[in-house]
Amino acid sequence: LLGTKGRLYPKRVISVVVDDGQVDTVVKTLMDVNKTGQPGDGKIFVMPVADSFRVRTGEAGQEAIA
């Protein structure tokens, strides 16, 4: 994707699933580690996860992400 003035910036996607109580800490940590003050620092999207399943064991819900 083209950034400011036509420069190409490398992109990465990181998916993290955490308990609701950990969201603020994880967002703050990601921002602290990745902030350079330059274009391309990124965006963070916080979305609900309806459910989760661990394929190997068949666990579902909270047990699948613990």
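Reader: What is the volume of the largest pocket?

Author: In this predicted model, the largest pocket has a volume of about 1500 Å³. Of the 41 residues that line it, those closest to its centre are Ile14, Leu30, Lys43, Ile44 and Phe45.

Reader: What makes a residue part of that lining?

Author: A lining residue has an atom within 4 Å of a point of the pocket. The elements that give two or more residues to the lining are H1 and H2, and H1 gives the most, with 6 residues.

Reader: How do the residues of the lining divide into nonpolar, polar and charged?

Author: There are 22 nonpolar, 11 polar and 8 charged residues in the lining of the largest pocket.

Reader: Thanks! Now to Asp41. Where is Asp41 found?

Author: Look in the loop between helix H1 (23-34) and helix H2 (62-65). The C-alpha atom of Asp41 is separated by 13 Å from that of Ile14, and the two residues are 27 apart along the chain.

Reader: Why does Asp41 count as partly exposed?

Author: Buried means under 20% relative accessible area and exposed means over 50%. Asp41 has 28% relative accessibility, so it counts as partly exposed.

Reader: Which residues is Asp41 in contact with, leaving aside its neighbours within four places in sequence?

Author: With those neighbours left aside, Asp41 is in contact with Asn34, Lys35 and Thr36.

Reader: How do you know that the side chains of Asp41 and Thr36 are joined by a polar contact?

Author: A polar contact needs a pair of N or O atoms within 3.5 Å. The side chains of Asp41 and Thr36 are joined at 2.4 Å, and therefore this pair is within the cut-off.

Technical notes
Residues are numbered from 1 along each chain as its sequence is written. This is a predicted model: local features need pLDDT of at least 70, side-chain atom pairs count only at pLDDT 80 or more; totals for chains, interfaces and linings use all residues. Side-chain values use heavy atoms; hydrogens and water are left out. Helices (H or I, at least four residues) and strands (E, at least two) are DSSP runs, numbered from the N terminus. Buried means under 20% relative accessible area, exposed over 50%, partly exposed in between (1.4 Å probe, protein chains only). Contact means heavy atoms within 4.5 Å. A polar contact is a pair of N or O atoms within 3.5 Å; within protein, one must be able to donate a hydrogen and the other to accept it, and residues adjacent in sequence count only if both atoms are side-chain atoms. On a 1 Å grid over the protein atoms alone, a cavity is a set of points where a 1.4 Å probe fits but cannot get out, and a pocket is an open set with protein on both sides within 12 Å along at least five of seven lines; lining residues have an atom within 4 Å of a point. Grid points are joined across faces, edges and corners, and a volume is the space filled by probe spheres set on the points. Ala, Val, Leu, Ile, Met, Phe, Trp, Tyr, Cys and Pro count as nonpolar, Asp, Glu, Lys and Arg as charged, and the others, Gly among them, as polar.
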